[in-house]
Amino acid sequence: MSKPARFAIVAALVFGVALVVTLRRDRRAGPAAGPPVEAALPRLVDVGSDQCIPCRAMAPILDDLRQEYAGRLRVDFIDAWKYPEAAEPYNVYGIPTQIFLDPSGREIGRHVGFISKEDILATWRRLGYPLAPGLKG
């Protein structure tokens with residue numbers, strides 16, 4: 001077999017393998033790979049750890065906010081020690097850190113350390129988002 005023919009066969013094989021890898025990666029990166037699509041809501045992201053004492057003190061506050069402001073505020077917790085890759089985009093240097101995001105996902109405020117529920121709500125008001133509590137029942 002001539003040298004150009006061998007080169008063509010090897011090139012075709014490399015191209016085929018690259019094509020298969022790309023197609024498989026694209027299939028996995030479909031709609032199910034990203035976060036669920038939700039209505040545009042202001043969002044509070046708490047980056048901490050379930051092993052950090054001030055972070056653990058934040059947990060019931062985050063739960064209360066999640067329940068009381070359901071449909072008006074999205075509240076997320078990221079464990080920076082268990083999932084550092086999830087926390088990395090937020091550039092957190094100390095935990096807990098609370099990041100206030102507008103409905104488009106743009107950061108509009110940040111707090112480092114423990115913060116009370118009242119202070120979180122006051123921060124939202126100061127940022128222009130006076131959240132009304134939902135009806136319990």
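Trainee: What is the order of the strands in the sheet?
Mentor: Four strands make an open sheet, ordered β2-β1-β3-β4, with mixed pairing. Helices (H or I, at least four residues) and strands (E, at least two) are DSSP runs numbered from the N terminus, and two strands pair if DSSP finds at least two bridges between them.

Trainee: Why is one side of β2 and of β4 left without a neighbour in the sheet?
Mentor: β2 and β4 (107-112) stand at the edges with a single partner strand each, so one side of each has no neighbour there. From one strand to the next, the twist averages 15 degrees. Angles here run from 0 to 180 degrees between N-to-C directions, using axes fitted to C-alpha atoms, for helices over the stretch in contact.

Trainee: And what packs on the sheet?
Mentor: α2 does, touching β1, β2 and β3, and its direction makes about 155 degrees with that of β2. α4 packs on the sheet too, touching β1, β3 and β4, at about 30 degrees to the direction of β3. Contact means heavy atoms within 4.5 Å.

Trainee: Before we go on, where do these values come from?
Mentor: This is a predicted model: local features need pLDDT of at least 70, side-chain atom pairs count only at pLDDT 80 or more, and totals for chains, interfaces and linings use all residues. Residues are numbered from 1 along each chain as its sequence is written, and side-chain values use heavy atoms, with hydrogens and water left out.

Trainee: How do you know that β1 pairs with β2?
Mentor: Count the bridges: the cut-off is at least two, and β1 and β2 have six, in the parallel sense. One example is Asp46, whose bridge partner in β2 is Phe77. β1 also pairs with β3, antiparallel, over five bridges, and there Val47 stands opposite Thr97.

Trainee: What makes β1 largely enclosed?
Mentor: Six of its six residues are buried, so the rest of the structure largely encloses β1. Buried means under 20% relative accessible area, exposed over 50%, and partly exposed in between (1.4 Å probe, protein chains only). In a regular strand the side chains alternate between the two faces of the sheet. Both faces of β1 are covered: Arg43, Val45 and Val47 are buried on one side, and Leu44, Asp46 and Gly48 on the other.

Trainee: Why is Leu127 called partly exposed?
Mentor: The relative accessible area of Leu127 is 21%, and buried would need under 20% while exposed would need over 50%. So Leu127 falls in between and counts as partly exposed. Leu127 lies in the segment after α4. Leaving aside neighbours within four places in sequence, Leu127 is in contact with Phe100, Ile108 and Gly109.

Trainee: Where is the kink in α2?
Mentor: At Ala59, shortly before the proline Pro60, with a value of about 25 degrees. The bend at a residue is the angle between axes fitted to the seven residues ending there and the seven starting there.

Trainee: Which residues of α2 are buried?
Mentor: Cys55, Met58, Ile61, Leu62, Leu65 and Glu68. They pack against β1 (43-48), β2 (74-79), β3 (97-101) and α4 (117-126).
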